[in-house]
Amino acid sequence: RLLEHRLQLWRLARTHLMPRTPEGLRTLARASGLADTGEGVAAVWEQIKREVRDIHVRLFYRPLLSAVAALPEDGRVLSTAQAHDRLAAIGFRDPAGALRTIGSLTSGISRKATIQRHLMPVMIRWFADGVDPDYGLLAFRRVSERLGNTPWFLRMLRDSSGAAERLTRVLSGSRYIGELMEWIPESVAWLDDDEPLRPRSGLALQEEARAIQTRHKTIDDAMRAVRALRRRELLRTAMAAVLGVLTIEQLAASLTTITDVTLQATLRAVRREVVPPEDASLDFAIIAMGRFGGAELGFGSDADVLYVYRPEKVDPERAHQLSLKIVAELRRVSEDFRAPLDLDADLRPEGRTGPLVRSLTSYAEYYSRWSLSWEAQALLRARGVAGSVKLVRAFMELADRLRYPEHPDPQGVREIKRSCVTDTSIPNYVRRRPSARWRPRSPPG
């Protein structure tokens with residue numbers, strides 16, 4: 001309180017924040033008389049915070065366990081009703097359920113229960129600071145049941161307060177993380193340090209995906225392993241995002257890399273299953289569009305794509321049928337109820353009413369005769385992600401002629417300007433095409 005008053009006396013500021021600069025701390029130290037230097041007053045402040053935190057845990061949180069587990073070293077006892085009211089006061093929506101969960105974690109004489117009894121008072125406070133304390137506590141119980149008998153799990157929570165706090169933060173802050181962590185409980189080990197939380201490179205993921213596919217003969221077995229790889233990396237990225245290890249740009253780049261590698265591995269497995277050896281000359285590629293093409297994916301984003309093929313030495317009609325089979329199988333094996341990957345092809349020519357897959361010649365004819373300004377804008381984010389490198393290069397050359405024309409269409413330029421100065425509604429030239437999903441985007445920031 002003395003520090004707060006001295007801060008507020010300076011220009012009568014209504015502040016409750018400690019100074020962050022060495023000069024500000026030095027001034028506060030001299031004004032308060034608690035220390036001679038800025039480092040000294042910061043040390044005093046940290047010591048007082050620790051003492052207050054310990055008292056708070058001892059008086060408020062530790063007695064909660066008396067309602068569900070014996071604590072011989074502490075004489076304070078709360079009734080069940082009092083514990084119920086205390087949990088409700090700190091944010092638990094289902095105090096009765098929370099008490100049952102705490103009881104299941106701390107009751108008994110096992111080593112696991114003993115360690116949990118020491119951890120739980122502090123962890124309850126951390127759970128209460130989260131978005132969903134009830135789910136966080138329940139998810140912690142499930143993870144503990146999966147890992148409680150491993151030698152490293154409780155030791156890490158006991159010896160590394162940072163890991164225990166991080167675990168409560170991610171579980172009470174995201175159901176997405178909690179649900180994935182139930183399937184990948186060993187991911188708790190990543191919380192002891194920042195380094196395991198950082199996204200792995202695309203090259204490392206590609207090498208792992210290729211190694212996985214060589215070990216499985218059937219497409220379903222191979223894709224089951226690839227989906228597990230994708231879920232693991234999504235969980236790593238989600239945990240890093242909640243804990244502030246990644247910036248928003250790094251988060252989007254990581255999610256895009258994971259999706260790229262998943263599609264590349266999926267297409268390799270599907271081609272091996274669908275395309276017979278005599279038709280191996282068929283070129284097929286996947287082009288990323290929208291937020292996917294611009295490397296701006298979020299956890300709720302679908303993957304906007306275009307499918308393109310080139311017959312080469314294959315009969316054109318057979319090439320088209322094989323390409324349709326590839327797309328159908330791609331969509332089937334990409335389904336994952338735990339971490340869905342939605343392949344959205346609505347940005348293709350003619351929208352939802354147009355062919356799902358086209359030849360390179362068909363794309364060239366459409367773009368030269370029928371394309372509208374919004375399609376040229378949508379192609380600004382187009383990039384090849386999987387399939388034939390030669391076909392991807394040919395498609396990008398075609399896209400460059402449309403999105404970077406030597407002589408822009410005056411009508412298209414007027415439509416773009418009109419969409420930028422009116423409002424954020426869909427421009428008229430897009431309204432004429434109900435199937436189109438493009439919308440104007442505000443610039444970053």
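Angles under 35 degrees count as roughly parallel, over 145 as roughly antiparallel, 65 to 115 as roughly perpendicular and the rest as oblique. The model is predicted: local features need pLDDT of at least 70, side-chain atom pairs count only at pLDDT 80 or more, and totals for chains, interfaces and linings use all residues. Residues are numbered from 1 along each chain as its sequence is written, and side-chain values use heavy atoms, with hydrogens and water left out.

Select helix H16 (residues 360-369) and helix H18 (residues 389-403), whose axes are 11 Å apart at an angle of about 0°; H16 and H18 are therefore roughly parallel. Here axes are lines fitted to C-alpha atoms, for helices over the stretch in contact, and angles run from 0 to 180 degrees between N-to-C directions. Helices are DSSP runs (H or I, at least four residues), numbered from the N terminus. In contact (heavy atoms within 4.5 Å) are Leu360, Tyr363, Ala364 and Tyr367 of H16 with Leu391, Ala394, Phe395, Leu398 and Leu402 of H18.

Next, select helix H4 (residues 80-89) and helix H5 (residues 95-106), whose axes come within 9 Å and cross at roughly 110°. H4 and H5 are therefore roughly perpendicular. Thr80, Ala83, His84, Leu87 and Ala88 of H4 meet Pro95, Ala96, Ala98 and Leu99 of H5.

Then display the largest nonpolar core, of 46 residues. Such a core is a set of buried (under 20% relative accessible area, 1.4 Å probe, protein chains only) Ala, Val, Leu, Ile, Met, Phe, Trp, Tyr and Cys residues joined through side-chain atoms within 4.5 Å. Helix H6 (111-128) is among the contributing elements and gives the most, 8 residues.

Finally, centre on leucine 167; beyond its neighbours within four places in sequence, leucine 167 contacts Phe140, Phe153, Leu157, Met181, Val188 and Leu191.

Methods: Helix = DSSP H or I, 4+ residues; strand = E, 2+ residues; numbered from the N terminus. Buried < 20%, exposed > 50% of the residue type's maximum accessible area, 1.4 Å probe, protein only.
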